[in-house]
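This report describes a protein model with particular attention to selected sites and to the contact of its chains. Please keep the sequence and the structure in view while reading.

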Amino acid sequence: MKIHEYQAKELFQKYGVPIPRGRVAFTVEEAQAAARELGTLPVVIKAQIHAGGRGKGGGVKLAKTAEEVASVAGSILGMTLVTHQTGPEGRLVRKVLVEEGLDIEKELYLSLLPDRSTAKIVFMASEAGGMDIEEVAAKTPEKIVKVYVDPLVGLQPFMARKLAYGLNLAPDIVKLFLPMVHALYRLCLDYDASLVEINPLVITKDRRLLALDAKMNFDDNALFRHKDVLAYRDLDEEDPLEVEASKYNLNYIKMDGNIGNMVNGAGLAMATMDIIKLAGAEPANFLDVGGGASAEMVENGFRIILSDPNVKGVLINIFGGILRCDVLAQGVVEASRKVGVKVPVVIRMEGTNVEQGRKILEESGLNLIVAQDLKDAAHKVAAIAKA
Amino acid sequence: MSIWVNAQTRVLVQGITGREGQFHTRQCVAYGTRVVAGVTPGKGGQTMDDIPVFNTVEEAVRATGADCSMIFVPPPFAADAILEAMDAGVRVIVTITEGIPVMDMLKVKNALKGSSSRLIGPNCPGIITPGQCKVGIMPGPIHKPGSVGVVSRSGTLTYEVVHQLTLQGIGQSTCVGIGGDPVNGTNFIDCLRAFQDDPETKAVVMVGEIGGSAEEEAAEFIARNMTKPVVGFVAGLTAPPGRRMGHAGAIISGSSGTAQGKIQAMKQAGITVVENLGELGAVCKEAFASVL
């Protein structure tokens, strides 16, 4: 799960990680009030959306006067911000963060996350702050300092020092940096973060060290023990169909194609999308209805898939195994009637009683096309896409 | 022969009295697996279909000689269940549970290093040696005893692969689901090494998906160490970056973890890569013709 910068900064503050003074605002009036309260100019006005690259897209601007606060906030609030992470459709800005402007001497990069291949927490730090870290890693990997922490041993003082000296920090800044590293480590573990990133971490001309930006992502599997993080969820930042699907415990991701598909199991669902593409069509979605694939799941799956107006046909691929295909087929027929499916549906299924299942589908009188195997299913679906 | 589980394996089930635990225990027993014990804290002394239930894994191991555990414990308590099985010296710990927090798995993974236990999963269908022993939730009848080893990060996708092999008359030595989580116990390389060392396994099918670099590392291992032919498949060619595709571990971060990158690494390692899943069985038939 993702949260906004201002929310991440709330958590930073809770853990004693220094941040610029600031306030979130939903309207121009609130932005003006926030600037007055800060009592300083210039202020920085930052669009709050769940995507990076906001500055380049025009979502982060300086306001030098009280009048500018109103005009800048007015121009950012309500704008559709397009960045390299939002896709061409962009994202509507509904709130901004108003922060004190700082005199910056140097920008650094600092992040930490669980590393899947070593099973450790990895810190990454770089003097090349403010840049895309992937780009730094690709072009100048020697500029990134990495420290791996065994979670059973915990973060040791020498590890934090390695980061500090790797960043060539001056002695007065080292003193500020070390406790910050420890605080971030605690924050990451306490909250089951899948990423904590500060880009840039800044040294100001008056020798302070602050997180100018803050990004936190969380492990969805751990949200059951973080009710406070769940309260940060912003449904406006998610695709409405995906939100709807999540209510039914369906794993749905919207894509740009016109062949909907419904599959049990994530790996098979990805492979099915790939097959649609290889057959010359484009998948409209990813949808995993779970290993069980009950009639209710199929019905909800149909509703979600068909809410996408681009969908011209649907491919259902269920590898039942233990699941009985006659029961599944009955479920598909009932769901199709109930939902009123208008587009052709190709069904490929395997499992116990598969012949009885196919018979039920063929004799239903509905536009249900039975496929013999995966290849056959792909051909049948491609024919629909071309029609 | 086979790897890790066979007809002699004595299985205990952690979470045996839950709905899933009961259902799949019965399926395993019906397949012929020797399920000797169950563990549910607070239900020690009861039985489930004549299988004795114990309060702790240690008691269950002591009383029944179980050397393999199958875990159905819900995510908040699953890491604890794995650590308990490790503590009791269980040789193979098969964790079916989906949804264990990554931080919990980091601790488990690091604790495993000092132990003699092997963890399979989590978030996996389990392990099966066809005709001998099924420790997991996979449908038994699609399998056929034989000499092709299967290793996969997925569940139903593995069933699809196994089904196609069986339809081609190709039997399996052992099929291992290593799970779809970013941090798991046994990895591709562990399985590949075991298959290479197993005299009865003649060839291997490896099923990967987007996310992480396990397939690339496995490809390097294969190039250096495997003499047996390997056929590979990677799901997720059409997956968009930055999205978690069902499995917690199936996510392309930036430019790393793409199916294209994995396929390229596997091809370079001399692996026969199948791009269209529908053709996997037929490709295996051809690729393995000289060794089967």
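A:Gly321 lies in strand E16 of chain A, where helices (H or I, at least four residues) and strands (E, at least two) are DSSP runs numbered from the N terminus. The model is predicted, so local features need pLDDT of at least 70 and side-chain atom pairs count only at pLDDT 80 or more, while totals for chains, interfaces and linings use all residues. Residues are numbered from 1 along each chain as its sequence is written, and chains are lettered from A and ligands numbered from 1 in the order in which they are written.

**A site in strand E16**

Is A:Gly321 buried or exposed? A:Gly321 counts as buried because it has 25 C-beta neighbours inside 10 Å. A residue is buried if 20 or more other C-beta atoms lie within 10 Å of its own, exposed if 12 or fewer, and partly exposed in between, with C-beta atoms placed from the backbone. Leaving aside residues up to four places away in sequence, A:Gly321 touches A:Gly351 as well as B:Met138, B:Pro139, B:Ile142 and B:Tyr159. Contact here means that the C-beta atoms of two residues, placed from the backbone, lie within 7 Å. A:Leu323 is also placed in strand E16 of chain A. An unreviewed UniProt entry lists A:Asn264, A:Gly321, A:Ile322 and A:Leu323 under "binding site"; such annotations may be inferred rather than shown by experiment, feature names are shortened, and positions follow the numbering used here.

**A second annotated site**

UniProt, again in an unreviewed entry, places the feature "binding site" at A:Lys46, A:Gly53, A:Arg54, A:Gly55, A:Glu99, A:Leu102 and A:Glu107. A:Arg54 is in the loop between strand E2 (43–47) and strand E3 (60–63) of chain A. Among the residues that A:Arg54 touches are A:Lys46, A:Val60 and A:Thr83. A:Leu102 lies in the loop between strand E6 (96–100) and strand E7 (104–115) of chain A, and its contacts include A:Pro20 and A:Val202.

| Residue | Other C-beta atoms within 10 Å | Class |
|---|---|---|
| A:Leu323 | 22 C-beta atoms | buried |
| B:Pro141 | 13 C-beta atoms | partly exposed |

**The contact of the chains**

In total, 43 residues of chain A are in contact with 50 residues of chain B. The elements of chain A that give two or more residues to this side include helix H9 (266–278) and strand E16 (313–324). H9(A) provides the largest share, 11 residues. By class, the side of chain A that touches chain B has 23 nonpolar, 9 polar and 11 charged residues. Ala, Val, Leu, Ile, Met, Phe, Trp, Tyr, Cys and Pro count as nonpolar, Asp, Glu, Lys and Arg as charged, and the others, Gly among them, as polar.

**Chain A as a whole**

Chain A has 13 helices and 18 strands, and 44% of its 387 residues count as buried. Its C-alpha trace spans about 80 × 50 × 40 Å along the principal axes. An automatic or database assignment gives chain A domain 1 (1–19 + 104–238), domain 2 (21–101) and domain 3 (239–386). The centres of domain 1 and domain 3 of chain A, taken over C-alpha atoms, are 42 Å apart.
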